Amino acid sequence: MFEYKIYVMRKFFFIIIFTTCNCISFGQNNYGKPELEPFEIMKNYPSWLEYQRKNILLSTDYISLDSDNKEITKESFLNQLTTGDFIPIKLSSTDSLLYYQLFKIAPGTDTSIKASLSALAVEELEHYKMEGQKFPTFSYKDINGKTISSESLKDKIIVIKCWFIHCAPCIKEFPAVNKLVSKYKDRKDIVFISLAEDTPPELRNFLAKNPLSYSVVPNMKKYMNETLHLSGFPTHFILNKKGTISKVLMDYEGLEAALRKESQK
């Protein structure tokens, strides 16, 4: 997947096609130009993956633009991404707002980019549709035997991390999410809970070497699959004080920004 060659004639054809399709759009764009040329991002899978990881957070709040520079809803933006025909690119802007625009994926682009973007967009669209819905009423028992319920946490902002001990991305973010808990330690109206697939003995052994500052609830595999309908991990939920889902995210960066916004309401 990471070995990708672009031959001279093919590259020349790609540039001609891309220029023909996009030169007018650049000139008419009132929101700013792409921070990086689309051709540079799409030239191979590693280039796209690096750009995507560093610059695009589909779960966060942004102004969505289609390939004709027209403002569209976030749902429409994500729906178009699911087709695998577009790539999202951040635009340079003079204001404080974040702008993402869709650019048509050119002929000859690595199909792995299309497949990865489509799968990512499908998951992000599912999460986006959860926002504004009531989170299921719950009553959990954490690893220490303490009951945690939606009733006892009424009028609090609730941050929920869904994970399991063999999920490398879940574990990689432990230091960052622990830091987040510390940041809000004086906010008694913000609570951090984690739902884990694993058994209490497995979790105790694991957490002894990998501390997590969240309350940890074991044996949640069936609940996360059948009640929350999760397909990827880690997944983070932010619930507002009314028990409504404010945000669903897969990344720490988006979580930090969303919690900051929710905590200021």
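Trainee: What volume does the largest pocket have?
Mentor: In this predicted model, the largest pocket has a volume of about 1100 Å³.

Trainee: Which residues lie nearest its centre?
Mentor: Arg53, Leu57, Met250, Asp251 and Glu253 lie nearest the centre of the largest pocket, and they belong to a lining of 31 residues. The elements that each give two or more residues to that lining are H3, H5, helix H6 (168-172) and helix H10 (252-263).

Trainee: Where does the largest share of the lining come from, and what is the lining like by class?
Mentor: The largest share, 6 residues, comes from H3, while by class the lining of the largest pocket has 16 nonpolar, 6 polar and 9 charged residues.

Trainee: What about the second largest pocket, and which residues are closest to its centre?
Mentor: The second largest pocket has a volume of about 220 Å³, and among the 17 residues that line it, Lys134, Ser150, Lys154, Lys242 and Gly243 are the closest to its centre. By class, that lining has 6 nonpolar, 4 polar and 7 charged residues.

Trainee: Back to the helices: at what angle do H3 and H5 cross?
Mentor: The axes of H3 (residues 45-55) and H5 (residues 111-130) cross at roughly 30 degrees and come within 9 Å. That angle makes H3 roughly parallel to H5, because angles under 35 degrees count as roughly parallel.

Trainee: Which residues meet there?
Mentor: From H3, Tyr45, Trp48 and Gln52 meet Ser112, Ile113, Ser116, Leu117 and Leu120 of H5. By class, this contact of H3 with H5 has 5 nonpolar and 3 polar residues, with no charged residues.

Definitions and conventions. Residues numbered from 1 in each chain as written. Predicted model: local features only at pLDDT ≥ 70, side-chain atom pairs only at ≥ 80, totals over all residues. Heavy atoms only, no water. Axes fitted to C-alpha atoms, helices over the stretch in contact; angles between N-to-C directions. Helix = DSSP H or I, 4+ residues; strand = E, 2+ residues; numbered from the N terminus. Parallel < 35°, antiparallel > 145°, perpendicular 65-115°, else oblique. Contact = heavy atoms within 4.5 Å. Nonpolar A, V, L, I, M, F, W, Y, C, P; charged D, E, K, R; others polar. 1 Å grid on protein atoms, 1.4 Å probe; cavity = no way out; pocket = protein on both sides within 12 Å on 5 of 7 lines; lining within 4 Å. Points joined across faces, edges and corners; volume = space filled by probe spheres on them.
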